[in-house]
Each structure stands twice: as C-alpha cells, then as structure tokens.
Amino acid sequence: MVARKLELRRLYGETARAYDKRYEKIQRAKYIVVTKNLPGRTKRILDLGCGTGMFLGELSKHAEFVVGADASLEMLQAANVRRGEATLVLADADHLPFTDGSFDVVVSVTLLQNMPDPAATARDVARVLRPGGRAVLTVLKRKHPREELERWVREAGFELLTSGEVGEDVFCAAER
Ligand SMILES: C[S@@+](CC[C@H](N)C(=O)[O-])C[C@H]1O[C@@H](n2cnc3c(N)ncnc32)[C@H](O)[C@@H]1O
C-alpha cells in the first residue's frame, strides 16, 4: 500500500471507536438512498469500505450472502460485533481478493474520496461484479462533483442508471 493509504488506514483505525457516535445519523441517510437503488433480492452483495458495518444488517435483507471489506482492522473489529451472517474481509479496495464476477451488487458509501485514483477503484469494482451486476456508489461531494463520479463509472464500463445528491455525498447507480 502506498504511504497515503497507510496513513488513512491509521487515521480510520484511530476513529473506529468514536465513528458511529459521530457519523451514524449522516451515514444512515445515505443507506436509505443506496437501498432504494438496489435491484430486487440478490445472491451476493459486497459492501466496499464497510467501516463499522452499520449497513450490513440492512444489506442482509437484500441478499443471501453479504461481504464487508475494509482496509482498517479496527473498523472491521467494530463491524464484527454487528455483522450477523455477513463475512468480513480485510482488503484494499484497489486490490480486491475476489475473482472476476463474484458479486451481483457492490455498494460503497463514502469510500472513493479516500482512494488515490478512484477511477482505478471503479475498475476493480467492475471486475468483481458479474455482467449485468449493479454498483451503487457514493463519494463526498466537496471532494468530487457528481460529474466526476459519473465519469469514473462510465470509464470503468458501466451504464449509468441514475445519480444525485444525498447529504454531503453524491451518489450513482450503474449497471455493468
Ligand atoms: C468514511 S468511512 C465510510 C465507512 C462506511 N461505508 C460507512 O458508511 O460508515 C470510509 C471507510 O473506507 C475505509 N477505507 C479507506 N481506504 C480504504 C482502502 N484503500 N480500501 C478499503 N477501505 C478503505 C476506511 O477504513 C473507512 O472504514
């Protein structure tokens, strides 16, 4: 991992204990919008940059098999307490340890602004999705305008279904 990624991992690790208290309300508003953009019930969903796992319970209602992946061990330790049936994986979003086409849906809430090259991360999201699979992605809009998010997903080979704003983020849903 490059130095910036390691630094972010350390910083998120330090905030893991206080994260829910600080961000739960704002993140849950985003989950409502992401959930509205999921297809019907599916088999396999990946929550990329799952953090403390606040979204995993809801996602489990929409899929048989849910995986939460994050680069921070401390975040995953917090997620472990509430993961239910979900599987947790320690991974860098640019090097996902999954074979091509592993998932029907990938969601990622407020992760991409952390990535050195979000367009490259979007390509790895496309890789782990099956053809016809759905990505629902959000990113901090003060860091990246909606047009940028749309460009990343289009360049990664997705067809854009919809996009918009939710709280401090922009979001899009796209099909591979
Ligand atoms: C703003 S938090 C969002 C967490 C969660 N999605 C939520 O809704 O609360 C960003 C998350 O991305 C994770 N992250 C940062 N860089 C990452 C990377 N390179 N690969 C995977 N996860 C990363 C952080 O550890 C953190 O949990």
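How many helices and strands are there in the chain? The chain of this predicted model has 5 helices and 7 strands, taken as DSSP runs numbered from the N terminus (helices H or I, at least four residues; strands E, at least two).

**Figure 1. Elements of the chain.** From the N terminus on, their order is α-β-α-β-α-β-β-α-β-α-β-β. The radius of gyration, taken over C-alpha atoms, is 14 Å, close to the 16 Å that the globule rule (2.2 Å times the number of residues to the power 0.38) gives for 176 residues, so the chain is as compact as a globular protein of that length. Residues are numbered from 1 along each chain as its sequence is written. Local features need pLDDT of at least 70, side-chain atom pairs count only at pLDDT 80 or more, and totals for chains, interfaces and linings use all residues, while side-chain values use heavy atoms, without hydrogens and water.

**Figure 2. The shell around the ligand.** The ligand is surrounded by 20 residues (a heavy atom within 4 Å); Tyr 19, Tyr 31, Gly 49, Asp 70 and Val 109 are the closest. Helix 1 (residues 3–36) gives the most to this shell, with 4 residues.

Figure 3. A polar side-chain atom of Tyr 19 is 2.7 Å from a ligand oxygen atom. The protein covers 96% of the 590 Å² of accessible area that the ligand has on its own (Shrake-Rupley method, 1.4 Å probe).

Note on methods
A polar contact is a pair of N or O atoms within 3.5 Å; within protein, one must be able to donate a hydrogen and the other to accept it, and residues adjacent in sequence count only if both atoms are side-chain atoms.
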